[in-house]
Number of protein chains: 4
Amino acid sequence: MDDQYELVAGVFSNIEQENTESAELLGVASERCYADYREMFAVEAEREDGIEVVVIVTPNFLHFEVAKAALEAGLAVICEKPMTLTLAEAIELDQLAESTGAPFLLTHTYSGYPLVQEARQLIADGEIGDVLTFSVQYLQEWLTKEPEKNDRQAAWRLDAKLAGAAGCLGDIGTHAFQLASYIMDADLTSISANLTRSIPSRQVDDNVHATLVFNDHIRGHLWASQTAPGIENNLNIKVVGRKATLEWSQEEPNVMWLRPYGEPSKRITRRAEFLGEYAASSTRTPGGHPEGYLEAFANLYSKFAEKIRKQGFKKGWLADTRTGVQGMQFIELAIESDQRGGEWVHVGEDA
Amino acid sequence: MDDQYELVAGVFSNIEQENTESAELLGVASERCYADYREMFAVEAEREDGIEVVVIVTPNFLHFEVAKAALEAGLAVICEKPMTLTLAEAIELDQLAESTGAPFLLTHTYSGYPLVQEARQLIADGEIGDVLTFSVQYLQEWLTKEPEKNDRQAAWRLDAKLAGAAGCLGDIGTHAFQLASYIMDADLTSISANLTRSIPSRQVDDNVHATLVFNDHIRGHLWASQTAPGIENNLNIKVVGRKATLEWSQEEPNVMWLRPYGEPSKRITRRAEFLGEYAASSTRTPGGHPEGYLEAFANLYSKFAEKIRKQGFKKGWLADTRTGVQGMQFIELAIESDQRGGEWVHVGEDA
Amino acid sequence: MDDQYELVAGVFSNIEQENTESAELLGVASERCYADYREMFAVEAEREDGIEVVVIVTPNFLHFEVAKAALEAGLAVICEKPMTLTLAEAIELDQLAESTGAPFLLTHTYSGYPLVQEARQLIADGEIGDVLTFSVQYLQEWLTKEPEKNDRQAAWRLDAKLAGAAGCLGDIGTHAFQLASYIMDADLTSISANLTRSIPSRQVDDNVHATLVFNDHIRGHLWASQTAPGIENNLNIKVVGRKATLEWSQEEPNVMWLRPYGEPSKRITRRAEFLGEYAASSTRTPGGHPEGYLEAFANLYSKFAEKIRKQGFKKGWLADTRTGVQGMQFIELAIESDQRGGEWVHVGEDA
Amino acid sequence: MDDQYELVAGVFSNIEQENTESAELLGVASERCYADYREMFAVEAEREDGIEVVVIVTPNFLHFEVAKAALEAGLAVICEKPMTLTLAEAIELDQLAESTGAPFLLTHTYSGYPLVQEARQLIADGEIGDVLTFSVQYLQEWLTKEPEKNDRQAAWRLDAKLAGAAGCLGDIGTHAFQLASYIMDADLTSISANLTRSIPSRQVDDNVHATLVFNDHIRGHLWASQTAPGIENNLNIKVVGRKATLEWSQEEPNVMWLRPYGEPSKRITRRAEFLGEYAASSTRTPGGHPEGYLEAFANLYSKFAEKIRKQGFKKGWLADTRTGVQGMQFIELAIESDQRGGEWVHVGEDA
């Protein structure tokens, strides 16, 4: 969208014919279409015009090894979430990113929305006062029936071997978790979670109820469900501070509510004049000209380009390997709590 | 509102002058203005035109003894919630109501809304399929600051001796609990709860996070907060079934959302043509002519008059002593779970 | 609702048996159930406890003669709109009210809503700056089909002899007109109108498109339709001032939007703390406890009781015979303009 | 967004240095950066890889001459609206497009929204029945103050010599007109319009009130204002048919309301499963992942690419020179009506 990236090389399939056909379709020169990512990193490293950034959009179980190889090759990495299948792997990548200094972007798209960034800014600036509590929900209908029987996308996401033990928890629960953590700029301390599946034969959970504590004192609820009929992609958050309540919903992303105590609520829209510098720099159209999901996604890439070029980048505002570690902590602790019948478990405690 | 009740006698204050003045203001004959409710029940029982229904609107700590005396006198009782301060008292009233056959109404106003009744009907009729999960929230801003310092209403509600150990839990948490239980027509099985107070000097909780299980398998979240700035009286519920999701919010009570799987959502309004018999009989104006809180409240009285007269009354659709027992179970178990650090506790288990 | 009026006498039907049965049902003593309104006014005038206020809820064609007789008897009058069938009659009543000093209330219910009163106050206080323009719409579905074939209510409303030549124009167009006039506190100057009927056999219009000028310079649109499928009772208004835009909609009456230039919009709710004195005195429940149509209606009665008692009454804030004259001007000019193909016609000009 | 167009040549400024700098910035080879559009068309026509499509984004007064030259050179043209400054020019371009067969796209962005296309489809399919009436509004706040004093964009748009005699009428009134005409697939027959300016010194109108008749019988209102404080870009339309009412608003473009008679309203979202083939082909993301203004704009380009390639193009669904003629008719008749004090004027009549 912003012409800051160009696709120049890739591994597009593990089936040779699909691989070359995809490369052609995407305009990638045939000599830069590789059968294997290790080969690609090795060969490209020799080229003067070699790849600078690796984008990992494979099934989850491959994220770790590809990201590791890329970081070791000193390449910048853009990776879909979940970053890895285990916390241990996540920590390894985080350390690798730290030691190599290679930039890493975890594409938590929802933090690319200008009003999500603005929410974080308002809270950082004390506009809602100390945060007391919150609620974050992420509801979808897409697993209400059993799409895994017929749909390839659904099938790998619900196959514990390919996607990890976490179903709804890993797929959308982590988005809800990251949204809360990002907006409040707070770290998970404790969690009590129950994971359920609405269909007994399903391999992984499709519903998450969790109570979370951030920073040792901010307690709130997280609810993620992929079996909520009639609901498309409703990720929403309410954060309650001592001075104001703040609300945002992904399905109406150009609006945020600020509700000060004892005053009429304010409908803050995504127009640059209303926003702080960071959020304003994530908008492309004037107020009243709606922006959507693709723009949010593009914002991540655009900000990451600034990071790669070390130009005007604001530290801590893009999801990276640290975010990936936190996401895996959330997943592992949620699973552990669930296995103990919903007991409270704590970050940093041995299981 | 419906001219079905007339105020003919009462105890209006424990200060004599306030008592007689209030009686005069309310048009109650001076000989029927009593200093004491026991005296009132005794004297009125002798009159041919004696009271038929007792309305209890005292501070919480008096509910039990007045209700008990009234039931023993064979009078119908209308009581504000919470019905009692303890579960044991609630059970005693329930048994008394059972043995005397005296009708009892617990004024859970929100179940007087036509669309709440319709939600219950739709679920009973299987319109949303088996219920999988739910979320109920009740948020208010009124205790964000410390009104208990200056405001008499706030003061007694936050005084543990007068209002009971439950603050937000008893005041609005029970409304949220009853709404969920009423709409799903389901009984509490287990609960994990955390009660917090935002101001250390406050005697009782002002925030409730709970995970509830109804009927052994319907798991959901309940969140009640009285320190949510900018929010007036936002009681809302989402119930997720296998076929559809249903949503209702008290601040826009004339609208209910039915979201069938894979179809556009339907905006169901409170017009009699859209409603089942019971809900339709709770409406007073044509569609598009909004009804509100007072109408919901009046509906309870109107339906209870039917019960007293044994005319057209639909069993189980008005909150009674059984509801009161369930409410006290919810409160006591929530407090117990909280005291154990949020552990799961179960109905019917000894503490 | 406020126990300020009691029904003590009446004429309930021109069929004798219906008349006496209705009286009995309504608790009116049989000797005060009259066959004829003139007889009622004469007889009641002799009683010490005679009627003080006459409420006229007859079909439109009787409004004038009953109101005239009541005013001549010096009685206060509450009359449904339209006040009369012709402008000449309206002027006659207005002069009569003036000369007798008898209080007169025209029940334009929508101006009984607290937020409508608050809108008027905000504009009077200059909060939105000079008014530039407006749009008022009143849409209903109820005449989409041909209910006049089967429905008695619909039949008389659509019978030009009983209801007047104006159909939708008189029935709801006048409400929209009065709402705009009331909120802006402005008088009609000119109008260009087109009246249409969607069903050729219908006697009166069911759709009004009009451009109005108030106070010689505030130009806006009025659209009323009774054939808008799926819409219940959507009366809404937008008023554009130099400093802010203000919006209100009858189907969500507890909310008003104030949109200042260059700032986030404010959601003003019907809570007394947000309102000026007049609107605040029209509320009965705390913020977040919705009020509706019946409360708005009751507010008119309650304020009119203040007028009758000459207690705390705010002149010009209740619809009276002057409002009735303006309503009939609107109707007659709209019909005249329509008959001339939508030409502009002006108040005070001979036709 | 879809990689179907590449910028290869251009005239970027009439100031030489700005022109070459812009070309460089945009990645246009220096030999293909021209001082003059006529030269560009001549030189490019000689190149094998010469331009195929001309995009005109100049101030309004240049649209005609550039478009004419491009069409005469047989090039496809993408032109911002208004297409020309006069109806006569529009007719000339229309005839030229007809005779040369060169494809022409007028970028009425709002008809690029999938739900606008779906609205047109539903009406064409008879889903709302015969259209009875409509209301279209386009409100913005941007000219509330006097930005023309300081803002170059505002200055040329409000300079009658550069932008034409129509201010708000031409700038956004035409968008509202085109939206109504597009969705109903209907042609303007008659119009009564009043154009006003809120600031006497302003050269052109900033507010349009019009009553329109389409196809000789569909009468509705159009209101456009650029001085509506607090409103960003609120283009909205209601179309009333005999069977249902349909509503859409640009600020929430992923939702459309279908309100059938006597039934709950349906909230139709922009998910491909809900849409007809044409609208579905204009979506890029799954349901619940909002799309916005840029996607709508890109849809026009993408569909126009199909037209140029004569692949799968659906005739009549993209704005072209015919649309431009209709837009200029609307403008000229509106101005004429206004000059006659709002008299009705008719298409095809001599002034």
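## A tour of chains, contacts and charge pairs

Start with Asp185(D), which is exposed, with a relative accessible area of 53%. Exposed means over 50% relative accessible area, buried under 20%, and partly exposed in between (1.4 Å probe, protein chains only).

Before moving on, a word on what is on screen. This is a predicted model, where local features need pLDDT of at least 70, side-chain atom pairs count only at pLDDT 80 or more, and totals for chains, interfaces and linings use all residues. Residues are numbered from 1 along each chain as its sequence is written, chains are lettered from A and ligands numbered from 1 in the order in which they are written, and side-chain values use heavy atoms, with hydrogens and water left out.

**Stop 1: a pair in chain D**

The term means a side-chain nitrogen of Lys or Arg within 4 Å of a carboxyl oxygen of Asp or Glu. Asp185(D) sits in the loop between α8 (168-184) and β5 (188-196), while Arg120(D) belongs to helix α5 (residues 114-124); the two are 65 residues apart. Helices (H or I, at least four residues) and strands (E, at least two) are DSSP runs, numbered from the N terminus. Is Arg120(D) buried or exposed? Arg120(D) is buried, at 7% relative accessible area.

**Stop 2: two pairs in chain B**

Select Glu65(B) and Arg38(B). A salt bridge joins their side chains (3.9 Å, N to O). Glu65(B) lies in helix α3 (residues 63-72) and Arg38(B) in helix α2 (residues 37-46), 27 residues apart. Glu65(B) is partly exposed at 32% relative accessibility. Arg38(B) is partly exposed too, at 48%.

Now pick Glu343(B) and Arg340(B). Here the salt bridge spans 3.6 Å, N to O. Glu343(B) is partly exposed, with a relative accessible area of 41%. Arg340(B) is partly exposed at 36%.

**Stop 3: where chain A meets chain B**

Show chains A and B together. Each of the two gives 44 residues to the contact, which means heavy atoms within 4.5 Å. About 3300 Å² is buried between them, 57% of it on carbon and sulfur atoms. Buried area is the accessible area (1.4 Å probe) that two parts lose on being put together, summed over both. On chain A, select His221(A), Pro229(A) and Tyr261(A). These lose the most area to chain B, together 19% of what that side buries.

Look for charge pairs across this interface: the rule finds 0 salt bridges. Next, colour the strands of chain A. Which strand gives the most? It is β4(A), with 6 residues.

**Stop 4**

Switch to chains A and C. A rotation of 180° with 0.0 Å of shift along its axis superposes chain A on chain C (RMSD 0.0 Å). That is the relation of a two-fold axis. Finish at Lys266(A). Of the residues of chain A, Lys266(A) comes closest to the rotation axis, at 2.4 Å (C-alpha). The same surface serves both copies, and 100% of the contact residues of chain A recur in chain C.

Key: Copies are superposed by least squares on the C-alpha atoms of residues with pLDDT of at least 70 in both.
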